[in-house]
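Please examine the model before reading each solution.

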Amino acid sequence: MTTYYDDLETRDPDERAAAQLAALSAQVALVRDRDGSCLPDIAINALSDLAKFPVLRKSDLSAWQKDTPPFGGIHTSNVTHIFQSPGPIYEPGGSSHDWWRFGRFLQACGIGRDDIVQNCFGYHLTPAGTMFENGARAVGAAVLPAGTGQTELQVQAAADIGTTAYAGTPDYLKVILEKADALGVALKITKAAVSGGALFPQLRQYYADRGISCLQCYATADLGHIAYETIPGEGMVVDEGVIVEIVTPGTGDPVPAGEVGEVVVTSLNPDYPLIRFATGDMSAVMEGPSPCGRTNMRIKGWLGRADQTTKIKGMFVRPEQVAELVRRTGVDRARVIADRDGDSDTMIVQVEGDGPDQAALATAIKDILKLKGDVQCYPQGTLPRDGLVIQDRRSYET
């Protein structure tokens with residue numbers, strides 16, 4: 001029988017939508033009250049109104065933080081930690097119950113009061129170690145704050161204290177297990193909660209063959225927990241504390257359900273309000289309810305990076321420019337392809353639309369992309385729905 005973290009996971013979708021709308025309205029009001037006019041004056045009457053707000057990017061946070069350290073003027077509450085990620089960029093952390101919302105994921109992994117979690121995420125500067133420890137406390141598990149490295153000591157500690165669960169990157173558990181095998185040490189790990197890297201099918205099977213159930217989650221340092229596996233191969237259930245949108249890269253425009261796009265997240269945590277924060281990751285909505293009984297939206301997991309910026313003929317072409325090309329010319333969709341002709345770069349611009357003006361397209365391409373390229377026009381619905389707006393076909397292998 002499936003056990004759930006709380007009743008929120010199985011509530012009626014209409015009930016969830018109403019609660020999210022109320023929380024979103026409160027969050028927008030909070031941001032406007034704290035931070036003045038950083039948000040446009042748009043009424044929130046439906047969740048779809050969220051798409052009218054601008055997308056917030058990590059580069060925005062970085063620039064704001066240089067002007068107003070440590071968090072760029074975003075008002076925070078209940079902050080007990082300040083973390084640093086590459087950039088550098090700084091993120092707040094809290095110590096209250098399940099502040100990062102990882103308890104929900106650990107519950108899905110079957111981790112609870114009878115478990116000892118060997119937490120192999122880093123505790124130094126970056127927040128992952130603290131995130132998982134906070135979640136482990138929320139489900140009542142004990143924690144060995146192991147961090148990374150010193151694998152022989154990790155094996156010894158796991159054996160001595162009877163570690164039953166692992167938290168860390170997908171591949172490091174295999175390193176620990178192989179070291180234990182080499183040392184002739186038997187470990188009692190039967191559960192693994194992983195993130196921060198790719199969990200390849202063969203690696204998951206390796207763990208399964210050793211009697212270890214391994215599930216993964218999707219999270220970022222800025223937002224905390226976003227989505228989590230409950231059953232391998234059934235996508236990731238979106239966390240109850242966020243609103244997830246999938247948008248066309250370079251824009252804030254939501255894509256139809258099932259199409260690949262950039263993951264944009266609104267956090268409903270009033271201690272650090274981020275509205276329409278672009279993760280830079282690509283995913284897609286997985287339609288239908290999860291077999292586990294949880295009723296929230298599912299996503300397909302990580303499907304690449306949204307920053308498809310590519311240099312063609314010495315000039316950078318960015319997704320934002322492709323979005324501007326679509327807006328200015330009125331076509332339905334556009335895709336830039338970088339290729340090679342001998343030793344020279346070439347550019348092809350594919351567009352979808354109903355009889356676009358070729359001359360106007362050529363002018364817009366030169367004005368916006370600062371390059372000349374061949375234009376290929378396609379009927380509506382024929383370009384791939386894979387999230388790519390810039391495709392690099394070039395190969396530099398000799």
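**Exercise 1.** Determine how many cavities of 30 Å³ or more there are, and describe the lining of the largest cavity.

*Solution.* On a 1 Å grid over the protein atoms alone, a cavity is a set of points where a 1.4 Å probe fits but cannot get out, and with that rule the count is one cavity of 30 Å³ or more. The largest cavity holds about 60 Å³ of space, a volume being the space filled by probe spheres set on the points, which are joined across faces, edges and corners. Its lining residues, those with an atom within 4 Å of a point, are Trp99, Trp100, Arg101, Asp222, Leu223, Gly224, Ser267, Asn269, Tyr272 and Leu274. Sorted by class, this lining has five nonpolar, three polar and two charged residues, where Ala, Val, Leu, Ile, Met, Phe, Trp, Tyr, Cys and Pro count as nonpolar, Asp, Glu, Lys and Arg as charged, and the others, Gly among them, as polar.

The model is predicted, with local features needing pLDDT of at least 70 and side-chain atom pairs pLDDT 80 or more, while totals for chains, interfaces and linings use all residues. Residues are numbered from 1 along each chain as its sequence is written, and side-chain values use heavy atoms, without hydrogens and water.

**Exercise 2.** Describe the second largest pocket by its volume and its lining.

*Solution.* By class, the lining divides into 16 nonpolar, five polar and three charged residues.

**Exercise 3.** Work out how helix 5 (residues 151-161) is placed against helix 6 (residues 172-183).

*Solution.* The two axes, lines fitted to C-alpha atoms over the stretch in contact, with angles from 0 to 180 degrees between N-to-C directions, come within 9 Å and cross at roughly 75°. Helix 5 is therefore roughly perpendicular to helix 6, a term that covers angles of 65 to 115 degrees. In the contact (heavy atoms within 4.5 Å), Thr151, Glu152, Gln154 and Val155 of helix 5 meet Tyr172, Val175, Ile176, Lys179, Ala180 and Leu183 of helix 6.

Definitions and conventions
Helix = DSSP H or I, 4+ residues; strand = E, 2+ residues; numbered from the N terminus. Parallel < 35°, antiparallel > 145°, perpendicular 65-115°, else oblique. 1 Å grid on protein atoms, 1.4 Å probe; cavity = no way out; pocket = protein on both sides within 12 Å on 5 of 7 lines; lining within 4 Å.
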